[in-house]
Every structure is written in C-alpha cells, then in structure tokens.
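Here are my notes on the model, as numbered points. Please read them with the structure open.

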Amino acid sequence: MACLIFNISQTCYRYKALLKEENVQIAEWLIKLTNENKTWGFKLCYLYLRNVKGYGWNHKRIYRIYKELELNLRIKPNKRIKREQPETLAVPTAKNESWSMDFMHDQLSDGRSYRVHNVIDDYNRESLDILVDFSLPAERVLRGLNQLIEWRGKPKHIRSDNGPEYISDLMKEWCDQHDIEHIFTQPGNPQQNAYVERFNRTVRYECLNQYLFRELSEVQDCTTLWQYFYNHERPHMSVNGCPPNFKQ
C-alpha cells in the first residue's frame with residue numbers, strides 16, 4: 001500500500017544486492033593497494049587484481065567502488081611544450097636484444113648524495129640491476145655489467161646517454177671485447193632513451209620518494225626488495241598489464 005501511495009516499484013523497494021560481500025572484498029583490496037603503493041591509480045590496481053591475483057571482477061565494477069572510496073589520484077597537468085619529433089625507438093623482439101642504462105641522484109636524510117645506476121631490458125622492461133653507492137665510476141659500472149652477463153648473457157646493443165662514465169675508454173674497450181654495440185643518444189634528447197628514463201621515474205616515485213633513508217645500506221635493501229616486486233608483481237602497461245617476469 002505504501003509503495004502504491006508513493007508510486008514506488010515494489011520490486012525495487014525489496015531488491016537486495018547479491019554481491020555485497022564481493023564488493024566489500026574489492027574495497028578492502030583497493031584500500032590495501034593504494035595504501036601500500038601511493039602512486040598507483042585505478043588502472044594499475046585493476047591490472048594487479050586481474051592479471052596477478054586472478055580475480056575475474058569487471059573493470060566497471062571495480063572502478064565504481066574505486067570512485068566511491070574517493071581514491072582517485074589528483075595530478076596537476078604539465079604544460080605542453082612543442083618539441084621536434086624524436087627518432088622512433090626500436091622495439092626489441094626478444095630478451096637480451098637491447099639494454100638501456102642511466103644514472104639517478106638522490107640524498108640521504110643527512111644531506112649526503114648518492115648515485116643509482118639502473119639497467120633494464122628494453123624487450124619486457126625488466127629491471128636487471130639497480131646499483132647504489134656514493135660513487136659509481138666507470139670501473140664500478142663495468143663490474144656490475146660483467147656480473148649481469150655471467151647469469152643472463154650479453155645483449156646485442158646497449159643504449160645510454162653521453163655521460164662521462166659511458167664515453168670513457170674503459171667502456172669502449174669493454175664493448176669491443178664483448179662485441180656489444182654501444183648506442184648513444186643525441187645530447188639534450190633524453191626521449192631517445194625513453195625506456196630507462198620512464199623506469200627512472202617509477203623508481204623515483206614508487207621507491208625512493210616513499211622513504212627517508214639514513215644510511216646507504218637502507219637504500220640498497222629497499223631497492224632490492226622493490227626490484228623483485230617490480231619484476232614479479234607490479235603490472236606494467238607496456239607488457240599487456242602483466243609484470244615483466246610474469247609467467248602465464
């Protein structure tokens with residue numbers, strides 16, 4: 001009688017959501033993922049639940065709960081600058097076809113500066129090495145590359161910028177000795193080394209910027225754990241939303 005008076009459908013009035021328990025589970029997962037990975041947006045959360053954890057939830061459903069929880073990242077858009085069209089990056093077709101490497105800089109809580117040397121495989125964006133130390137001369141970089149080759153094999157090409165460690169005679173001799181082609185980017189064109197530059201940004205925002213380190217050993221331990229997470233659990237857009245080392 002009340003439904004007739006207020007012109008309300010009795011079916012809608014008595015309807016009870018059957019998926020309430022699953023919605024609670026989805027909400028708990030989203031809160032957990034965004035708390036542990038503060039730079040993740042909806043797409044990374046969805047790909048992690050779908051491809052890594054194997055849940056079959058529809059992306060529209062997850063996004064509806066994501067919005068209800070107000071978890072959207074608020075990112076200030078950057079001003080667009082007109083640039084010359086860069087050379088197209090070659091897309092590798094297999095592992096060890098092309099590696100990219102680059103340096104990063106950061107500071108400990110007491111102001112001491114340290115360097116980070118990243119090496120990735122361009123094929124699946126796998127992180128091969130994250131070398132952390134106060135000083136990383138050419139000898140130290142080459143020692144790390146030799147260790148990589150021992151367990152993974154050598155690449156056909158290595159891409160880098162024109163830093164002093166890379167243009168040194170030691171690096172040239174090492175490449176000639178291992179029959180590896182060293183490809184240099186043009187000065188002032190970091191987009192020509194886009195694979196590792198994008199990886200540097202991920203390391204910066206998802207690892208180094210999340211903690212205040214007091215000692216170098218803390219940085220080394222943190223980057224080692226994060227590297228495993230990146231290679232085996234973190235979804236990557238360029239490899240179909242799966243982690244670089246994900247096995248079907």
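1. In this predicted model, the crossing of α6 past α7 is right-handed. Helix α6 covers residues 138-152 and helix α7 covers residues 169-178.

2. The axes of α6 and α7 come within 10 Å and cross at roughly 20 degrees. Angles under 35 degrees count as roughly parallel, and α6 is therefore roughly parallel to α7.

3. Which residues make the contact between α6 and α7? From α6 they are Ala 138, Glu 139, Val 141, Leu 142, Leu 145, Asn 146 and Ile 149. From α7 they are Leu 170, Met 171, Trp 174 and His 178.

4. Sorted by class, the contact of α6 with α7 has eight nonpolar residues, two polar ones and one charged.

5. At the level of the whole chain, the protein is divided into domain 1 (19-75) and domain 2 (98-246). The centres of domain 1 and domain 2, taken over C-alpha atoms, are separated by 30 Å.

6. How many residues of each domain are in contact with the other? Domain 1 has 10 residues in contact with 13 residues of domain 2.

7. About 980 Å² is buried between domain 1 and domain 2, and carbon and sulfur atoms give 67% of that area. On the domain 1 side, Thr 39, Leu 44 and Asn 51 supply 43% of the area that domain 1 buries against domain 2.

Terms used. Residues numbered from 1 in each chain as written. Predicted model: local features only at pLDDT ≥ 70, side-chain atom pairs only at ≥ 80, totals over all residues. Heavy atoms only, no water. Axes fitted to C-alpha atoms, helices over the stretch in contact; angles between N-to-C directions. Helix = DSSP H or I, 4+ residues; strand = E, 2+ residues; numbered from the N terminus. Parallel < 35°, antiparallel > 145°, perpendicular 65-115°, else oblique. Left-handed = near helix turned anticlockwise from the far one by under 90°. Contact = heavy atoms within 4.5 Å. Nonpolar A, V, L, I, M, F, W, Y, C, P; charged D, E, K, R; others polar. Domains from an automatic or database assignment. Buried area = accessible area lost by both parts, 1.4 Å probe.
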